Every structure is written in C-alpha cells, then in structure tokens.
Amino acid sequence: VIVPVIEAFAYSLFRWRGVSEHKEYVGLDNFERLVEDPVFRQALVHNLAFLVVGGAAILILGLAIAHAVHGNGRWSRALRSVYLFPQVISGVVVAVLWMFIYNPSFGVLNGFLKGVGLGRWALDWLGTPSTALWAVIATFVWHGVGFYIMLFSAGLRTIPVEVHEAALLDGAEGLRRFRMITLPLLWAVLRIATVYVVINALNVFALVFLMTVGGPDRRTETMLTYLYEQAFKNSEFGYGTALAVAN
C-alpha cells in the first residue's frame with residue numbers, strides 16, 4: 001500500500017503521457033492546476049453528495065432494516081431472505097438494471113408513475129441535469145445497503161437479551177429504548193460502518209461511468225470518472241495521478 005502511494009505522488013510531479021519514456025518534471029504544477037480546475041471542484045462536490053446524502057441514507061436504512069429483521073416474526077424472516085440480494089449482484093449488472101428502470105420510454109419507474117396518474121412526474125431521469133445525480137445516488141444506496149444491514153444485524157445479536165429485558169422493566173420502550181440502550185451498544189459497529197461508507201462514497205466509479213459517464217453536462221462527474229478521463233482518454237497521466245493523490 002505504502003510504496004504505490006509514494007510512487008503515485010512521484011508521478012504526479014511530472015507531465016507524462018503514460019506510454020513514453022520521456023517525463024517532464026513540473027513540480028507542483030499539476031496540483032496548482034487541480035486547485036483552479038472547476039471540473040475537479042464539481043466532481044468533489046458530487047462525491048460529497050454521495051457521502052452525505054447516500055451515506056446517511058445507507059446508515060439510516062441499514063440500521064432501521066437490521067432492527068426490523070432482528071425479530072423472529074414472518075416478516076423478519078422474509079426480509080432476511082432478500083436484503084443481501086442487491087449486494088451479491090455485480091456492479092455492472094446493477095448499473096444496467098437501473099438504466100432500464102430509469103429508461104424514459106419503457107422504464108419501470110416512469111411506467112409506474114403513469115399507471116398511478118402521476119405521468120407529469122415521468123422524466124428522463126439520467127438525462128436531465130437536475131435529476132441525474134440523485135438517480136445514481138439512489139442506485140448507489142440500493143446496491144450498498146445490504147452489507148450494512150448484515151453488519152448492524154451482527155452487532156444487534158451481540159447485545160444480551162437481558163439488557164433489553166432490564167430496559168423494559170425500567171419503562172424504556174420504542175424509540176427511547178433504541179436511543180438509550182441499542183444505539184450506544186452499537187457505537188463500535190456504527191464507527192466501522194461509517195468508515196466503509198466514506199471509502200465507498202469517495203471511490204464510486206463503476207455506477208457513474210456505466211450509467212451516465214459523468215454526464216449530462218458533468219452533473220454526475222466524480223473524482224474517479226474525471227481521473228479516468230484525464231489519464232486514459234486525454235493521456236495526461238501526470239495530472240490524472242495528481243487527481244488520484246487528491247482523492
């Protein structure tokens with residue numbers, strides 16, 4: 001891990017096309033260009049949207065669904081049998097699946113809206129600048145939440161039943177018991193889940209690249225899709241590596 005990071009920083013100090021032996025040393029010019037690059041700032045904001053909006057949705061939904069499937073009822077068993085389904089699907093398949101769902105002509109989402117009399121809300125979800133980012137974030141949440149449900153479910157099973165019984169005897173029920181008893185005992189698991197969310201949100205690439213390629217009008221551009229464009233399309237590996245270091 002350490003050696004590639006050092007090498008990446010070293011490459012970011014050069015102007016290099018990636019295939020030539022000739023590398024021109026430019027010092028910190030690539031990083032100065034990075035600071036002034038409006039597309040990079042836009043991509044950074046989009047990554048933060050994945051982190052803040054998508055990450056919060058994943059943690060809240062993961063914890064809520066894990067709490068729901070923790071019981072032994074019929075619905076709990078049914079949820080346990082399906083919640084990991086999105087997680088085991090390849091990211092490529094997820095992207096293609098949701099592209100069909102969002103398709104403006106025959107997509108399931110627009111078909112549902114028209115079927116319930118909300119046809120005016122039917123949009124080209126991935127082609128409209130105001131909705132494209134949120135559509136991809138929704139896919140990101142759907143694909144990732146299963147892992148966090150599993151993580152929180154494992155954490156809930158470590159809480160002794162006696163603790164909940166004692167809380168009930170003291171009159172703590174519902175949200176109060178969750179806030180005062182369950183959540184503090186899950187704090188270590190929540191910290192681990194938060195670290196995973198941050199890593200995944202900052203490294204989102206496949207979903208965006210396959211669903212929108214950063215468009216329309218760069219409204220879904222992320223740091224990794226912009227890195228790919230600069231390094232592999234424009235052959236600016238020095239600047240691309242500076243993007244990687246910043247990421």
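A residue counts as buried when its relative accessible area is under 20%, as exposed when that area is over 50%, and as partly exposed in between. The exercises below apply this to a predicted model.

**Exercise 1. Work out how many of the residues of α13 are buried, and what covers them.**

Step 1. Of the 11 residues of α13, 8 are buried, so this helix is largely enclosed by the rest of the structure.

Step 2. The buried residues are Met223, Leu224, Thr225, Tyr226, Leu227, Glu229, Gln230 and Ala231; Glu229 in this list is the residue whose salt bridge with arginine 218 was described above.

Step 3. The cover over these buried residues includes α2, α3 (38-68), α11 (187-202), α12 and α14. After α13 comes serine 235, which has a positive phi, near 55°.

**Exercise 2. Describe how helix α2 and helix α14 cross, and say which salt bridge arginine 33 forms.**

Step 1. The axes of α2 (residues 29-36) and α14 (residues 237-246) come within 9 Å and cross at roughly 70°. Because angles of 65 to 115 degrees count as roughly perpendicular, α2 is roughly perpendicular to α14. The crossing of these two helices is right-handed.

Step 2. On the α2 side the contact is made by Asn30, Phe31, Arg33 and Leu34, and on the α14 side by Gly238, Tyr239, Ala242, Leu243, Val245 and Ala246. These contact residues divide into 7 nonpolar, 2 polar and 1 charged.

Step 3. Side chains of opposite charge can pair when their charged atoms come close. Arginine 33 forms a salt bridge with glutamate 236, and the closest N and O atoms are 2.6 Å apart. This pair links distant parts of the chain, with arginine 33 in helix α2 and glutamate 236 in the loop between α13 (223-233) and α14, 203 residues apart.

Step 4. Arginine 33 is partly exposed, with a relative accessible area of 35%, and glutamate 236 is partly exposed too, at 28%. The structure holds 4 salt bridges.

**Exercise 3. Find the angle at which α3 and α11 pack, and how their contact residues divide into nonpolar, polar and charged.**

Step 1. α3 and α11 pack at an angle of about 145°, with their axes 9 Å apart, and their crossing is right-handed.

Step 2. From α3, the residues Asn47, Phe50, Leu51, Gly55, Ile58 and Leu59 meet Ala193, Thr194, Val197, Val198, Ala201 and Leu202 of α11. The residues of this contact divide into 9 nonpolar, 3 polar and no charged.

How values were computed: Residues numbered from 1 in each chain as written. Predicted model: local features only at pLDDT ≥ 70, side-chain atom pairs only at ≥ 80, totals over all residues. Heavy atoms only, no water. Axes fitted to C-alpha atoms, helices over the stretch in contact; angles between N-to-C directions. Helix = DSSP H or I, 4+ residues; strand = E, 2+ residues; numbered from the N terminus. Parallel < 35°, antiparallel > 145°, perpendicular 65-115°, else oblique. Left-handed = near helix turned anticlockwise from the far one by under 90°. Contact = heavy atoms within 4.5 Å. Nonpolar A, V, L, I, M, F, W, Y, C, P; charged D, E, K, R; others polar. Salt bridge = Lys/Arg side-chain N within 4 Å of Asp/Glu carboxyl O. Buried < 20%, exposed > 50% of the residue type's maximum accessible area, 1.4 Å probe, protein only.
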